[in-house]
Amino acid sequence: MGGFSLGQPMPVTVDTVLFGLLALVAAISAVGVVAFGRTPVRSALSLVVNFLTLAIIYFTLGSEMLGIIQIVVYTGAIMVLFLFVIMLLNLGAQPPLAKAKDVKMLLAILVAAGLFAAVFAAVVLPMASADIPAIGKEMKGFGKPDAIGYSLLTEYVWPFEMASVLLLVGIVGSILLVKRRKQ
Amino acid sequence: MEDITPILWALLRVVLIAVPLLLLVPFLLWWERRLLGWMQDRVGPNRVGNITFSKTSRLVPKPLRGKKYRLFGLAQAFADGIKLTLKEDIMPAAVDRVIYLIAPALALFPPIALLATIPWGPSNVFSINGNPLTPVADIPVAILYIFAVSSLGVYGIVLGGYASNNKYSLLGGLRSSAQLISYELAMGMSLAAMVLATGSLSMTQMIAEQQKPLWGVEALGFINNWFVFTPFGFISAVIFLICMVAETNRAPFDLPEAENELIAGYHTEYSSMKFASFFMGEYAAMLVFSGIFSTIFLGGYTLPFSAPGLDAAAGYLAPLILFVKSIFIFTCFIWIRATLPRLRYDQLMALGWKWLLPLAVTNFVVVMVWIAATKVYGEGIGWLAVGGCAAIIFAVFGISAQRSRTGADPLQSRKVILVDPKKGGA
């Protein structure tokens with residue numbers, strides 16, 4: 001499978017059918033996050049489904065590590081905390097922000113369209129001409145844990161260490177916020 | 001279209017491990033009830049399935065007349081199953097319908113998905129035409145996968161608790177999510193130490209590593225280097241065992257369904273088959289976690305000792321060996337349930353955060369130092385470094401524990417004051 005262009009129909013294989021289904025579920029659940037605005041738990045659940053399907057898409061691309069990390073971090077930890085907070089505070093329906101037609105609505109639509117165009121131009125257009133399977137072949141052991149670990153600790157060691165420091169600051173900060181009350 | 005035979009092979013692998021698990025669940029129930037009965041000095045289910053033929057009836061064939069056949073109550077599990085299927089399914093009016101229906105299915109998903117990485121036999125023995133039958137997927141990130149999928153186990157419980165629209169159910173769900181988040185960390189750290197010791201995240205690699213001679217000493221070559229026999233592996237195994245009990249919401253960590261406080265916790269509002277799927281999910285999860293424990297710490301499908309002729313024979317007995325080990329760990333679950341009283345909630349949190357997590361991190365650091373020192377300076381220095389490192393960490397931990405004990409407020413206790421409103425009590 002070489003590169004595909006937007007004009008030509010993609011060949012129908014098991015991979016493309018699977019991707020199409022997963023992408024559909026991901027897109028629908030992404031819309032669901034916003035559409036279920038009146039029931040926060042359902043919004044959160046849509047987000048869970050979205051994260052899960054993304055992880056499965058990563059699996060189909062052969063990067064199991066990324067998919068697993070996606071599940072561990074987002075689906076398994078962050079979303080559980082989201083649900084926990086939503087249930088603990090027993091959040092109900094929020095009053096809708098826009099009751100009538102408003103100039104701001106038009107502005108919002110324009111900004112959204114612009115953002116979509118920018119993302120489309122930056123992501124989808126270059127991809128149309130790229131030879132995607134070749135990118136995977138370039139790196140030895142693409143998506144395997146040892147390859148990721150190696151490149152994290154050699155090529156990307158400074159961003160990696162900075163992220164660790166940032167996380168450490170976050171942890172210390174949160175402990176400080178909790179402890180402060182006692183004094 | 002592409003060749004679909006890989007998909008069919010994958011399906012076969014799934015069926016070969018998922019179907020036995022689901023078929024075993026009724027027997028696990030029977031085993032637990034009989035064992036609990038024995039441990040608590042009572043009888044337990046021993047009647048269902050006993051057949052006593054009439055001595056005089058002509059409807060009974062002659063050789064059978066007056067004979068008794070005992071099944072030790074084995075049919076009780078099937079009677080329960082039939083009862084649960086035929087019972088009226090009551091759905092309370094105030095539930096969140098969609099989530100209420102999804103939750104039991106979500107409770108069954110993680111245990112079955114967790115099976116994917118457990119190998120139940122050496123793939124060179126159990127394969128057809130070069131297509132291995134086990135494990136379902138020999139992925140290089142199997143340990144992380146276990147970690148990921150087991151963390152999804154909370155959804156069934158939390159959503160069940162939420163959707164029931166019942167205060168007790170909600171409390172059960174909340175307890176469960178807090179409990180899982182707390183114990184997952186210690187579980188992950190205990191597994192991380194094992195990953196360091198193996199040098200791989202793959203389950204098959206872990207089993208291969210445990211086939212080596214004990215402690216790397218050739219003279220002890222007849223005993224396999226199961227991780228539970230190594231000092232760091234033993235600590236990890238204990239931590240993992242405790243976290244495993246907490247993850248499956250079993251006694252003494254069964255606060256999400258504490259009967260005397262929350263009726264039945266998250267599944268109070270569930271009846272019939274939906275309740276049965278929660279129940280099945282719990283027992284399947286127990287057995288699957290037992291299998292994971294056996295694979296990571298007890299050498300998986302291998303025997304504890306190896307001899308040239310024995311290994312080949314043990315290859316064919318592999319599923320049986322893994323089964324016996326898993327049932328042993330499952331029995332430990334029941335044993336713990338029958339022995340220990342339920343923890344108080346603050347005790348549960350303190351155990352997870354103040355004891356298991358520091359212990360797991362210490363273990364992790366010690367293994368790290370051991371590997372680094374052994375690779376750089378050789379065996380002797382490696383062991384020395386481990387001893388020194390462990391001593392320093394335990395000293396620091398001891399001092400900090402001492403300090404926090406002297407500095408902290410004395411344990412708060414609450415008094416219950418009975419108030420009679422008729423006499424104008426506050």
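Start by selecting Gly81(B), which sits in helix 2 (residues 75-86) of chain B; helices here are DSSP runs of H or I with at least four residues, strands are E runs of at least two, and both are numbered from the N terminus. Before going on, note that this is a predicted model, where local features need pLDDT of at least 70, side-chain atom pairs count only at pLDDT 80 or more, and totals for chains, interfaces and linings use all residues. Residues are numbered from 1 along each chain as its sequence is written, while chains are lettered from A and ligands numbered from 1 in the order in which they are written.

The cut-offs: buried takes 20 or more other C-beta atoms within 10 Å of a residue's own, exposed takes 12 or fewer, and partly exposed is in between, with C-beta atoms placed from the backbone.

**Two domains in chain B**

Colour chain B as domain 1 (5-44 + 89-393) and domain 2 (47-86); these bounds come from an automatic or database domain assignment. Their C-alpha centres lie 37 Å apart. Where they touch, domain 1 of chain B puts in ten residues and domain 2 of chain B eight, a contact being two C-beta atoms, placed from the backbone, within 7 Å. On the domain 1 side, helix 1 (5-39) and helix 9 (272-297) of chain B each supply at least two residues.

**The nonpolar core**

Next, pick out Leu144(B), Tyr145(B), Ala186(B), Phe240(B), Cys243(B), Val288(B) and Phe293(B): these have the most contacts inside the largest nonpolar core, which has 117 residues. Such a core is a set of buried Ala, Val, Leu, Ile, Met, Phe, Trp, Tyr and Cys residues joined through C-beta atoms within 7 Å. Helix 4 (residues 142-163) of chain B gives the most to this core, 16 residues. Zoom in on Phe293(B): setting aside neighbours within four places in sequence, its contacts are Phe240(B), Leu241(B), Met244(B), Leu298(B) and Ile329(B).

**Across to chain A**

Which residues meet between the chains? Select the 21 residues of chain B that are in contact with 18 residues of chain A. Helix 4 of chain B turns up again here, with the largest share of the chain B side, nine residues. That side divides into 17 nonpolar, three polar and one charged; Ala, Val, Leu, Ile, Met, Phe, Trp, Tyr, Cys and Pro count as nonpolar, Asp, Glu, Lys and Arg as charged, and the others, Gly among them, as polar.

Now show chain A by itself: seven helices and zero strands. Of its 183 residues, 15% count as buried.

Last stop, helix 2 (residues 40-60) of chain A. Its 21 residues should span 30 Å at 1.5 Å a residue, and the end C-alpha atoms, 31 Å apart, agree with that; the expected span is 1.5 Å times one less than the number of residues. Its buried residues include Leu45(A), Asn50(A) and Phe51(A). What covers the buried residues of this helix includes helix 1 (14-35) and helix 3 (64-89) of chain A, plus helix 3 (97-114) and helix 4 of chain B. Just after helix 2 of chain A, look for Gly62(A), with a positive phi of about 85°.
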